[in-house]
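Student: I am new to this structure. Please take me through one part of it closely, then show me what else is worth a look.

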Amino acid sequence: MYHRARREMPDRPYRFIRTCHQNHIQIIMTNLTRYRNIGIFAHVDAGKTTTTERILSLTGKIHRIGEVHDGEATTDFMDQERERGITIQSAATSAFWNDHRLNIIDTPGHVDFTIEVYRSLKVLDGGVGVFCGSGGVEPQSETNWRYANDSEVARIIFVNKLDRIGADFYRVVEQIRTVLGANPLVMTLPIGIEDNFTGVVDLLTRRAWIWDGSGDPQNYRIEDVPPDMAGKVDQYRQELVETALEHDDEAMEQYLEGNEPDIETIKACIRKGTISLDFFPTYCGSAFKNKGIQLILDAVVDFLPNPAEVEPQPETDIEGNETGARALVDPDYPLRALAFKIMDDRYGALTFLRLYSGKLGKGSTVLNTAAGKTERIGRIVEMHADSRKELSSAQAGDIVAVLGMKTVKTGHTLCDPDHPATLEPMVFPDPVISMSVAPKDKGISEKLGVALGKMVAEDPSFHVTTDQDSGETILQGMGELHLDIKIDLLRRTHGVDVEVGKPQVAYRETITRSVEDTYTHKKQTGGAGQFGKIDYIIEPGETGSGYSFESRVTGGNIPREFWPAIDKGFRECMDSGVLAGYPCIDVRVTLMDGAYHAVDSSAVAFELAARAAYRQSMGKAGPQLLEPIMNVDVFTPDINVGDVIGDLNRRRGMIKSQESAPAGVRIKGEVPLSDMFGYIGDLRTLTSGRGQFSMEFSHYSPCPRNVADEVIRETRERNAA
């Protein structure tokens, strides 16, 4: 049994327990100190996926390096990723380095897919922030850094692409200080730059790592520091040691007395400062040229926390309020696992889990606290991009995937049914852009619905709604590229060809003045006739009141049993206003008096009277078109504030406030929805890609006359067509 275990799971630490039942041996991984759950994140094209590919090669996980530009990267396995050369969804894999298990998640860099970064950082213990040596701290770097700060994730920094034209390691380090407000602890210095970049100096050991030009990461030599770098190496090493020793008073005292501590003591101090987020060890190299990656792997093991060194996850009640309990990172504690990603592939739905405590075994029963239902665990797999390896169990600290979950959604907690608990939920941003779709073949409407259901389950930032007014299916996402990818997935992955348009703004109508009127419905066609006379007032109601009806009839001029029919006649007419056919809101109808006929009056007669009265009087009551107004929250760098405010003013926006933030300014205002279509692209242009925004419905407000006239004209033309 021992030898079989070593063959199936090499290089893993084990504890063997002999059980009484059937006298078999159960393998349980217990040494959490050898776990590192890390994510790799950066701005698009900074080299995240290339860095991941080199890590997998050096750790022996893959034997042939695939390049992003060739569409052959291991973690970019979607057709859309290979064609576009970008990462669209996060991919999980694992590897081993120096007898440590690395669970790695490669994340996207494009702003439209930041949700993948957010939910990955939510379940990781550490991260590697990759920055382009020539591009520096780019827009999405800032966003990802904020996410990591919010999740309190310890990080190391890798300044990549130092072989590129315009690369400048020292400039990027300064940008990390000024733009991100972070404290980079420089651990290596580059030897040469651009075409002359040959290696790095390890400041801890004062040794130079030099790679040859073969591109083989193993073809390097370690030698003395180049003489022309001696002064700079001494300067940065002194800064490194002094910063690190601030975490050990005794070592600092010895250092001030002239006794430099050994490297292991310095490493222990660096580890302590990294985990407490006081600084971020900063390395340099070129992933594409296979230079500097070994030092990154050593840093992950040496300085990033293991699962037991991270603050335990808070448990919450059903409303999301913290209970004070924590999910202890311990295999012997009751099961606590968070579902952070759902992926649908050819074998079915995969639910990615981060286990915070306890064990998860094949065939065990778990409770989904969000759904209030139990589920049986079928297959447990360890993912390597889109391939998988079967497991019989998992434990605290593991990141695995489970097949066949029926009720689990992203952010749900799975726990021991005998010890129920809920982990702190994920909060996802609202979509910022939308478009309408319709199947080209009406016969595949059901197939479209199934496909969209799977896509919504996979991606919490992707929403699907049906416009109640137009009946259109509306797709909502984080940007134009995001929705473009979804349309491509519908067509190629799910085989649903759709026509794409843009949704119509959901306008409303109301009235501006009171009208007192009367209407008599009288019809005689032989036999029993129809008769109903109503005296009524139609007037503006309170904002947000919708439609209301009241009867003040006294004396039995209109019997009480006919009042509901009159109410129904007016209510149903409110669904179509007299200007452009949009629903009419905030209208109050008061029935004052009327008359009826003992034989010819009926509920139908009074309902028809109300309908005719609506058409007769609404045009006299000053009908007005209303447009939806959105609360808009824009984040922009300081330098672009004027341009952003000017653009919002051109969109008929009203600025409510400006608030300074660590990396820019937040502008809050109200803007008509009709002027917000396409805003994300314009904002990114104005802010060089750094701007972000969110919006949500606020209220309806009267349309300006010129806007209303145009909307009414277009609506009537569309209806006529």
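Tutor: Start with helix α15, residues 641–650, in this predicted model. Its buried residues are Val641, Val644, Ile645, Asp647 and Leu648. They span an arc of only 160° around the axis, so they sit on the same side of α15. An α-helix has 3.6 residues a turn, so residues three or four places apart point the same way. Now turn to the face directed away from the buried side of α15. Gly642 and Arg650 are the exposed residues there. After α15 comes arginine 652, and its phi is positive, near 65°.

Next, look at a sheet. Four strands form an open sheet in the order β32-β33-β35-β34, and their pairing is mixed. The edge strands are β32 (515–523) and β34 (547–551), and each of these pairs on one side only. From one strand to the next, the twist averages 25°. Take the pair β32 and β33, the latter covering residues 530–540. These two strands are antiparallel and share nine bridges. Tyrosine 519 stands opposite isoleucine 534 of β33.

Helices pack on this sheet too. Helix α13, residues 563–573, touches β33, β34 and β35 (587–595). The direction of α13 makes about 155° with that of β34. Helix α14, residues 603–617, lies across β32, β33 and β35. It runs at about 40° to β33.

Stay in β33 for one more residue. Aspartate 535 lies in this strand. Is aspartate 535 buried or exposed? The cut-off for buried is under 20% relative accessible area. Aspartate 535 has a relative accessible area of 18%, so it counts as buried. Its side chain makes a polar contact with the side chain of threonine 518, at 2.5 Å. Which residues does aspartate 535 touch, leaving aside its neighbours within four places in sequence? They are Asp517, Thr518, Thr590, Leu591, Met592, Asp593 and Gly594.

A second open sheet has four strands as well. Their order is β9-β10-β11-β12, with antiparallel pairing. At the edges stand β9 (188–191) and β12 (220–223). Each has a single partner strand, so one side of each is left without a neighbour in the sheet. Here the twist from one strand to the next averages 25°. Strand β10, residues 199–202, pairs with strand β11, residues 207–211. That pairing is antiparallel, over four bridges. Within it, valine 201 has alanine 208 of β11 as its bridge partner.

Finish with the nonpolar cores. In soluble globular proteins, nonpolar side chains tend to be buried together. The largest nonpolar core in this model has 94 residues. Leu240 and Ile270 have the most contacts inside it. Helix α10, residues 293–303, gives the most to this core, with eight residues. What does leucine 240 touch, once its neighbours within four places in sequence are left aside? Its contacts are Leu185, Val186, Met187, Leu203, Leu204, Ile266 and Ile270. Another core lies apart from the largest one. It has 28 residues, among them Val505, Leu625, Val632 and Ile712.

Notes:
Residues are numbered from 1 along each chain as its sequence is written. This is a predicted model: local features need pLDDT of at least 70, side-chain atom pairs count only at pLDDT 80 or more; totals for chains, interfaces and linings use all residues. Side-chain values use heavy atoms; hydrogens and water are left out. Two strands pair if DSSP finds at least two bridges between them. Axes are lines fitted to C-alpha atoms, for helices over the stretch in contact, and angles run from 0 to 180 degrees between N-to-C directions. Contact means heavy atoms within 4.5 Å. A nonpolar core is a set of buried Ala, Val, Leu, Ile, Met, Phe, Trp, Tyr and Cys residues joined through side-chain atoms within 4.5 Å. Buried means under 20% relative accessible area, exposed over 50%, partly exposed in between (1.4 Å probe, protein chains only). The arc is that of the directions from the helix axis to the C-beta atoms. A polar contact is a pair of N or O atoms within 3.5 Å; within protein, one must be able to donate a hydrogen and the other to accept it, and residues adjacent in sequence count only if both atoms are side-chain atoms.
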